[in-house]
Amino acid sequence: MTAAIIQALTSHWRSHWLQLATLLIGIALATGLWSAVQAINAEARASYARANAQLALGQFDELRDPSGAIPLTHYADLRRAGWQVAAVLEGPYRIQGRTLRVLGVDMVAYPALPAITEAEAETDPADILTAPGRLLASAELATLLQAQADLPPVLITTELPPDVILTDIGVAETLLDAPGQISRLVVLPNQPRSVPPLSEIAPDLERISPASQVDTAQLTDSFHLNLTAFGMLSFAVGLFIVNGTVGLAFAQRRGMIRTLRALGVSMRRLVWLILAELTLLALIGGIIGLILGFFLAGALLPDVAATLRGLYGAPVTGQLTLQPAWALAGLGMALGGTLIASAQALWRLSRMPLLAGPSVQAWRGSGQGQRLAAYCGLALLVFGGLAYTTVGGLLGGFALLAGLLTGAALLLPLCLSIALNLCARRARGPVTQWVWADMRAQLPGLSLALMALLLALAANIGVGTMVSSFRLTFVGWLDQRLTSELYLTAESDQQGREITQWLEPQVTAILPIRNVELAHETGPLFLYGVVDDPTYRQYWPLIARTDDSWDQVMSGDAVLINEQLARRADLWPGDVLRLGPNHQLPVAGVYSDYGNPTGQAIVSMMQLDLIAPGQEARRFGIRLDPNRATELAQTLRERFGLAPQAVVQQAAMKAQSRAIFEKTFVVTSALNVLTLGVAGFAILTSLLTLWTQRLPQIAPVWALGLDRAQLARLELSRSAILAAMTACLALPLGLILAWVLLAVINVEAFGWRLPMYVFPWDWLVLFLLTLVAALAAAALPALRLLRLPPADLLRVFANER
Amino acid sequence: MLLSIEHVHKTYPGGRPVLQDVSLSLDHGQTLALTGESGSGKSTLLNLSAALDHFDAGEITLDGIALSGLDDSGRAGLRRKHVSLVFQQFNLIPSLTVAQNLSFHARLAGCHDPDWEAHLADRLGLSDLLSRFPERVSGGQQQRVAIGRAMAVRPKLLLADEPTGNLDETASAAVLDLMLSLVTESGTALLLVTHSQDIAGQLDRRVHLAGGRIQ
Amino acid sequence: MNVKALLIALLLLFPFGALAQGYAGLGGSAEGFETPQRDYTFDFPADHGPHPAYRIEWWYLTANLKGEDGKDYGIQWTLFRSALKPFETEGWQSPQIWMGHAAVTTPERHFFAERLSRGGVGQAGVVAEPFAAWIDEWRMSGPDFDTLSLTAHGLDFGYDLALNAQGPLVFHGDAGYSVKSADGQASYYYSQPFYAVEGTLHLPDRDVTVTGQAWLDREWSSQPLAEDQSGWDWFSLSFDTGEKLMGFRLRGDRQDYTAATWINADGSTRALPDGSASFTPLETAPVAGRDVPIRWNVALPEYDLDVEVEALIPDAWMGTRFEYWEGPVTVSGSHAGRGYLEMTGY
């Protein structure tokens, strides 16, 4: 008996294979987009975990010298006083224009590192500890390193983040040319019973707790939240498709189910079988979605990795590995989502009386539902607003966003209904009057799809506005900041002196770029020294300042800090920045510093030498007649034997920065387009679902003298009008979204606030795109209508249905 | 002659002939009952006369217009201006109120006359239901709205296909009485499809169809 | 297992041979390292200091103590040196690895700690004169080798002790050339077993003033044990008569190798060749997941010695990266006394 029922049930799909395809596509899209985002997040998080495991970040306290490197004697002193510390020497290492990070740890005293555990299996520890030593690196990096003649042998490990070379501190000091230097001391767990206080042994060191160290995972949380939100949105939109298709399929199978029941099949058994059928479909769709998601994630990951590296310096591999966790989660989401999306249809079906007549949709019955949804929406809006004002912060910001988006979505049907009512009232002709009335009748069936469209559009406008505002600000800022015509990196301080001597008579100005990494309670702080030059006074973009900011800085009496530091440490002009045990300076101004994850400060060159004497002087900005830049760059390279990347022209630098910027938001745009596409698809499925209920609406009008071409045109315009109305409502929503992103989320997540620019031209494009999507979605039903044999319409009037 | 049907043939794709060589004519003000068994082709003949469907051969002329020469929009125009229709069910536009339904056809045809419509509503006992939606009124009332809508255009020809087929006997009689009296009063010609000999008996003429031919 | 664990294993496996099988490549010859020679003339105080050209070396002090509370205590202070290459240099490049072990054994509990360092950076090392041996804040130092202060701290214990030598240095084997297997592997080995000790033990709940006797072993070599040797049992016993005995048994697959030194109260010695002394486990106890002998019979017929040696507590397990048993013992039978027992390879 069960077999017979299954045969009957599945026969539906045989004759409606397109519907089956739609259903599977819906599930696959929902699962695919969701799991793609999850896969990306999982991969990034795994990368952070790897990095943190290697660097012991966020686990142990650290000792740092605010003025620079820690001398080796301090290490011995601390150790012999009982302090259990491990020495780390780290620094940048450049190979073929690529900047790698050398992490030298005292492999005798450092806590167990996974990479070493992995590598030691194939090597003698004596080789790691004694010259020439060994370098540990990822496989990709190993190839690059092995090609270098003068480097120690490389051991390949999967445990290291990209761009990191792990090695013994003895090897690192040679590699980084920093003999006897230590960057930081990791305070190991299990200190002995009592040790003398730090102030007695090494008063110039500062102890930094893991909480105040920059934790990539925490730093990037907001980015992942963003991605997750997008994933959720896509998932929801995908479910709208499932909901539409399942509703249609159930409506079409009503007759068959009635027959089956009349033949003695219990409703219970039918519901179970249909549930099983849905489960199977969900799993198939889910698996397709997972495959889709895997490839999508693989395609997007390199860009995400670039973003994370660019924005936060967070190390993420561009390589995707299949992790069972997100695969299972994806299948679970597919299953759960399908069942949720089908619940309503299934419930209705199970409550269907045996002898129900042909279904006449109680089309206005949902007026109450509309109002209820609207109340919920209002409540959510209020909740979001309250959460933001009371909780605040990133969480509050996201609560505001969530409340705003869901609230607005729930309010949409009522808003549209009111708008349609108004239009209907003003309508003169009978046809227009009918069209408005008919749209209102269609609204409940379409509202889910329209909500999806609203969300997709709002996200598009919001995120688009954010990205464009960011781009505009960034490019403007870049123009201000990159003022030197040439940027030069000498091989040594000595060469630097030679070059500046040679250059001095023939250029407008030479601006040394010298910096030191200090420890601040909010994380690493890069202190730059500048010489007094009009270039800074004219172009350096200050967002908060005192009257004589530059005078104060140049006279060594004050410091300028970047926006990130200002916001993180809540330091503004007038406050005092501590730069070490003996150094503190008032803040004279705050400058914007987009795309930089860390804190930064500017003092006069004299102050820099006071605070951290002996910093290298190898980098320079050179001001000169722009027309001579290319020629001089070439001369410099030839005369001093500099590598091509050691002399960079301003234009190239800008182009590079812009390229990085564009890459940063590729993911966002890709997800934007995908979401909009899915929303269009949701409209299509909803229209197809409504199709069965359309004939009784259309047939009388047709009979009264509207031809099918007219009706088809009206069908198209209806879809376009609804989409256009939704788009109009999405615009303010999107702008609020953009504001929240720029003024709330960005500040919390990145540490900078961006001015908001509006781009009406983009809106117009988006609006047209929406119309195209809506027309495309309605094209199929319209075409069907156009080709509909009159007999089908006539059948409505006869009692044969 | 208002309606003249000459040697009309109709076959649905893949089926046997529905109408074979049917000829019939109806003059202004005349009422004619078209009877026959289920599947005899009587509804098809009515639909063809209303320019709702195409015929394969022969000719139908309505108020001097030959239907075979019309395209889709021409047919729609003819339906709009020259005929009124009452079907067995789903006559009304569900998204419009009774009042809007009542005037819909007249406004479409460009002969909207509020007084006349008010009069019709009154005659048909619909005055209290005007703001309701079709689904909120009874089947008999729905059919009365359909009749009102049809008469609102002051049609020369009213085509009715089993207008009382879904109603019980009492309601059926009432609706039919109203329709016949309105038709008579306004001098409208009526082509009524019915399987009921009783109803057919109340009309001027009666034509019986069987197997697609006039008996 | 990380690089440190491997290092420890490397370090300790030479004398103890526990993991010899896994490191066959490093066994046998001592590439570039010097090897002990018979007829070596010791040069003091220089030889109290490190010998970087030799692969392995240690300063190994154990003490049997009596507390003011009348209880028996024991302490251990050990500094191991292991060379990856036979030289020393300044800075992180140094191939010398240092490892410290410290322990306190009370009648109730055994405390221990471990420290690691490399040479060259000043974190650990030994200077012959004035004598100082240290790793981190652990330190054994004094104006000379006879007068030392000793300190070490773990998470929950520590000690500060003063040592005063009451007798001369004692040389084992053939005037300090101590053979370790039938195949001839050997080390330089001398001791100072006559330290009088006083000072304070720091325990989690109390400080205890203690007095007693300490025994310092100095040994260096470059050769691992014979390939078939899986571990050793080492005894340092001080009898109430003032006489002392150092004896060990190297457990081999083929046969055991034993050696002993009888030390008279005046410090004169007699080396006893393989087979002279017998070491027989009488009772084992489960310790750290293995069966470890905690009661022994030690017999030396030549000196009418037939004693039972029993651990103060069975659980004197050094759960360091390379694990072994090291703890105070009491001696009864033909002679009474106290001592220390070390067992590896269980």
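A salt bridge, as I use the term, is a side-chain nitrogen of Lys or Arg within 4 Å of a carboxyl oxygen of Asp or Glu. I am reading a predicted model, in which local features need pLDDT of at least 70 and side-chain atom pairs count only at pLDDT 80 or more, while totals for chains, interfaces and linings use all residues. Residues are numbered from 1 along each chain as its sequence is written, chains are lettered from A in the order in which they are written, and side-chain values use heavy atoms, with hydrogens and water left out.

**Entry 1: between the chains**

I looked up the salt bridges between chain B and chain A and found a count of one; Arg708(A) forms a salt bridge with Asp72(B), where the closest N and O atoms are 3.4 Å apart. The elements giving two or more residues to the side of chain B that touches chain A are α2 (72-81) and α3 (98-109) of chain B, helices being DSSP runs of H or I with at least four residues, and strands runs of E with at least two, numbered from the N terminus.

I then checked contacts (heavy atoms within 4.5 Å), and 30 residues of chain B are in contact with 35 residues of chain A.

**Entry 2: a strand in chain A**

I turned to strand β3 (residues 85-95) of chain A, where nine of the eleven residues are buried, so the strand is largely enclosed by the rest of the structure; buried means under 20% relative accessible area, with a 1.4 Å probe and protein chains only. I noted that β3(A) pairs with strand β4 (residues 98-105) of chain A in the antiparallel sense over eight bridges, pairing needing at least two DSSP bridges between two strands. In β4(A), Thr99(A) is the bridge partner of Arg94(A).

Definitions and conventions: Buried < 20%, exposed > 50% of the residue type's maximum accessible area, 1.4 Å probe, protein only.
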